[in-house]
Amino acid sequence: MDMSRRGRASAQRLLRQIFDLMENGGYRVVFTRVGENSRLIDRHHVRMGHVGLHVRSPRTVYVDYRAEVVTVLVHEFTHGVLPDADEDEVQALHELVMSHISASQAKKILDFALAMGSRRRPLG
Ligand SMILES: [Zn+2]
């Protein structure tokens with residue numbers, strides 16, 4: 001198998017894991033100005049310019065709605081799929097996925113994320 005086919009296969013496998021986690025993982029997705037959210041700054045030490053955050057407990061993904069939302073969702077849910085992967089690995093994987101993702105897969109991620117925002121009550 002050549003490298004590009006292997007890359008595409010890896011991207012599709014990771015996407016399936018992301019879909020499964022979004023559908024069945026009990027996550028909530030919150031759209032907010034991540035780097036300006038004082039609660040996230042205090043509790044999770046986000047900084048200005050941060051556009052996403054994955055929180056393990058309670059399972060929550062925060063997304064800055066002004067950013068490239070699909071890319072941020074792929075990145076943050078990759079943290080969920082691979083909890084031991086470091087930031088460089090997750091960055092490389094989200095780039096791999098984004099180079100292979102189809103329009104319908106991107107729409108599915110957005111649809112899941114929007115449904116997940118209303119699944120549980122928002123934080124006060
Ligand atoms: Zn990250």
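**Note on a predicted single-chain model**

1. Of the chain's 124 residues, 28% count as buried. Keep in mind throughout that this is a predicted model.

2. On secondary structure, the chain holds five helices and three strands. Their order along the sequence is α-β-α-β-β-α-α-α. The chain has a radius of gyration of 14 Å, close to the 14 Å from the globule rule for 124 residues, so it is as compact as a globular protein of that length.

3. Next, the overall dimensions. Taken along the principal axes, the box filled by the C-alpha atoms is roughly 50 × 25 × 25 Å.

4. Contacts come next. Consider pairs in the chain that touch and sit at least 6 apart in sequence: 60% of these contacts join residues at least 24 apart.

5. Helix H3 covers residues 69-81, and helix H5 covers residues 103-117. Their axes come within 10 Å. The crossing angle is roughly 75°. An angle of 65 to 115 degrees counts as roughly perpendicular, and H3 and H5 are therefore roughly perpendicular to each other.

6. Which residues of H3 and H5 meet? From H3 come Val69, Val70, Leu73 and Val74. From H5 come Ala106, Ile109, Leu110 and Ala113. By class, this contact of H3 with H5 has eight nonpolar residues, with no polar and no charged ones.

7. To recap the helix pair: H3 and H5 cross at roughly 75°, and their contact has eight nonpolar residues.

Note on methods: Residues numbered from 1 in each chain as written. Predicted model: local features only at pLDDT ≥ 70, side-chain atom pairs only at ≥ 80, totals over all residues. Helix = DSSP H or I, 4+ residues; strand = E, 2+ residues; numbered from the N terminus. Rg over C-alpha atoms; globule rule 2.2 N^0.38 Å. Buried ≥ 20, exposed ≤ 12 C-beta atoms within 10 Å, placed from the backbone. Contact = placed C-beta atoms within 7 Å. Axes fitted to C-alpha atoms, helices over the stretch in contact; angles between N-to-C directions. Parallel < 35°, antiparallel > 145°, perpendicular 65-115°, else oblique. Nonpolar A, V, L, I, M, F, W, Y, C, P; charged D, E, K, R; others polar.
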